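Biologist: Could you take me through the shell around the ligand in this model? I would like a close look at that part, and then a word on what lies around it.

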Amino acid sequence: VKRNACEPEFHQAVKEVLESLEPVLEKHPEYIAMGIVESIIEPERQIVFRVPWVDDSGQVQVNRGFRVQYNSAIGPYKGGLRFHPSVYQGIIKFLGFEQTFKNSLTGLPIGGGKGGSDFDPKGKSDMEIMHFCQSFMTELYRHIGQDVDVPAGDIGVGAREIGYMFGQYKRIANAYEAGVLTGKGLTYGGSLGRKQATGYGLVYFVNEMMKAKGMSIEGKTVLVSGSGNVAIYAVEKIGEYGGKVVAVSDSNGYVYDANGINVETLKQIKEVERKRIYEYIKYHPSAKYYEGCCSGIWTIPCDIALPCATQNEINEEDARILVKNGCKVVAEGANMPTNLEGTKVFLDSGVLFGPAKAANAGGVATSALEMSQNSMRLSWTFEEVDAKLKDIMINIYKNTSKAAAEYGLKDNLVAGANIAGFVRVAEAMKAHGVV
Ligand code: NDP
């Protein structure tokens with residue numbers, strides 16, 4: 001705790017994993033004896049840097065940039081970049097730690113990493129975003145590479161930002177290294193299906209989880225928090241499975257539409273106009289907007305809740321309200337959106353609970369598919385990528401539930417994901433010796 005002082009999110013993530021690993025460590029004392037548990041908690045490398053840039057009024061702004069290269073036991077570091085004012089070392093470390101196990105769960109050869117900046121993209125002009133991204137990459141470029149560390153998007157980083165960063169990397173490195181970033185545009189090495197992957201993957205996971213219990217998404221009422229990349233495509237896929245999403249949100253409030261959220265309107269507001277979710281009621285006057293962040297959305301009765309905004313957006317009380325109102329399924333599109341107490345409420349109440357590491361792994365899995373296409377200098381069709389994504393999500397569900405059952409923790413997918421993700425990395429670390 002002293003070594004990672006003032007990093008509550010990091011402590012929370014580590015605590016959850018270590019608690020789940022108790023039965024594994026009893027069976028495999030060598031993981032402790034060989035220092036694997038201690039090593040896996042410690043990032044391999046942490047980079048912190050200055051990001052100076054000039055805003056539209058000619059004023060110099062200085063932000064802080066981060067890249068945490070967490071674990072490369074099973075492949076090059078891989079994980080997104082987050083641009084949000086709340087970003088500091090503890091957030092990036094918790095995300096990198098989680099990413100290591102998530103990437104392992106995909107079964108693909110990718111290690112764990114994460115990065116970002118306390119830069120706030122909200123209200124910035126296109127020029128300001130470009131200047132910031134160029135300055136950020138001017139330092140980051142020396143630490144990444146297609147076989148070293150491959151960043152992608154996360155909160156506040158989408159195709160526009162990846163494009164500006166790729167352009168700057170290409171210029172400085174004097175190399176067309178398509179695989180150095182993922183989430184790229186389709187004209188320069190991006191993969192069809194990447195934009196949709198996290199949201200679609202989440203719903204494929206929910207479908208598997210429900211099918212195993214003789215349930216289905218069809219006819220169910222669903223809440224999706226957030227209205228960004230993950231949320232939009234979760235809403236779309238839920239609709240395709242016959243469910244109805246009645247609410248989405250942002251950090252200012254939420255929209256309730258009893259007729260079901262119109263996904264085309266959502267895309268128009270968020271992807272084209274880059275506006276706030278409040279605008280939704282201008283297109284659909286019968287919908288209602290409720291101001292306030294962020295628990296309000298969880299008071300709406302639902303069958304399925306999909307938190308897709310940010311960490312710790314469901315606390316113990318939110319969880320109790322969801323359960324009381326009949327919620328039977330929760331799956332995490334965001335990273336660590338449910339706090340430890342909230343998770344316990346869901347598990348104790350018999351709610352089917354899909355933890356982030358497993359349920360939102362579709363995005364990074366498809367990023368790894370983008371890397372494969374870049375290495376082959378080929379592009380797969382949307383259908384090919386989507387079919388692979390679906391297979392990967394089905395396998396993650398199977399491996400997660402199998403690991404839980406193997407350790408007598410049937411239906412506890414939190415433990416199952418932590419165990420299955422850990423064992424693959426731990427075995428690779430064991431093989432590599434003390435490095
Ligand atoms: P976006 O930036 O596209 O969207 C984020 C959404 O969450 C916005 O609606 C935003 O609202 C809301 N939000 C962000 N921070 C807060 C906050 N502090 N309080 C309330 N609402 C907030 O990000 P993504 O959709 O890409 O990411 C969402 C989550 O999914 C994150 O936890 C991310 O780590 C995780 N994730 C993303 C993947 C991806 O492929 N994109 C892959 C795996 C996980 P506002 O505009 O008001 O800030």
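Modeller: Happy to! The shell around the ligand divides into eight nonpolar, 14 polar and two charged residues; here Ala, Val, Leu, Ile, Met, Phe, Trp, Tyr, Cys and Pro count as nonpolar, Asp, Glu, Lys and Arg as charged, and the others, Gly among them, as polar. Please keep in mind that this is a predicted model, in which local features need pLDDT of at least 70, side-chain atom pairs count only at pLDDT 80 or more, and totals for chains, interfaces and linings use all residues. Numbering runs from 1 along each chain as its sequence is written.

Of the 24 residues around the ligand, Gly 226, Gly 228, Ser 251, Ala 334 and Gly 363 come nearest. A residue is near a molecule or strand when its C-beta atom, placed from the backbone, lies within 6 Å of it. Helix H8 (residues 229–240) gives the largest share of the shell, three residues; helices (H or I, at least four residues) and strands (E, at least two) are DSSP runs, numbered from the N terminus.

The shell also draws at least three residues from each of domain 1 (8–15 + 28–178) and domain 2 (196–356), with bounds that come from an automatic or database domain assignment. Taken over C-alpha atoms, the centres of domain 1 and domain 2 are separated by 26 Å. The contact between them takes nine residues from domain 1 and eight residues from domain 2, where two residues are in contact if their C-beta atoms, placed from the backbone, lie within 7 Å. On the side of domain 1 that touches domain 2, helix H1 (8–27) and helix H4 (89–105) each supply at least two residues, and H1 provides the largest share, four residues. By class, that side of domain 1 has four nonpolar, two polar and three charged residues.

A few backbone details are worth a look too. Most residues other than glycine have a negative phi, and most peptide bonds are trans. Arg 274, in the loop between helix H9 (263–272) and helix H10 (280–283), has a positive phi near 55 degrees. Asn 312 has a positive phi of about 55 degrees and lies in the loop between S10 and helix H11 (316–324). The peptide bond from Cys 293 to Cys 294 is cis, with omega near 0 degrees, and Cys 294 lies in the loop between strand S9 (288–291) and strand S10 (304–307).
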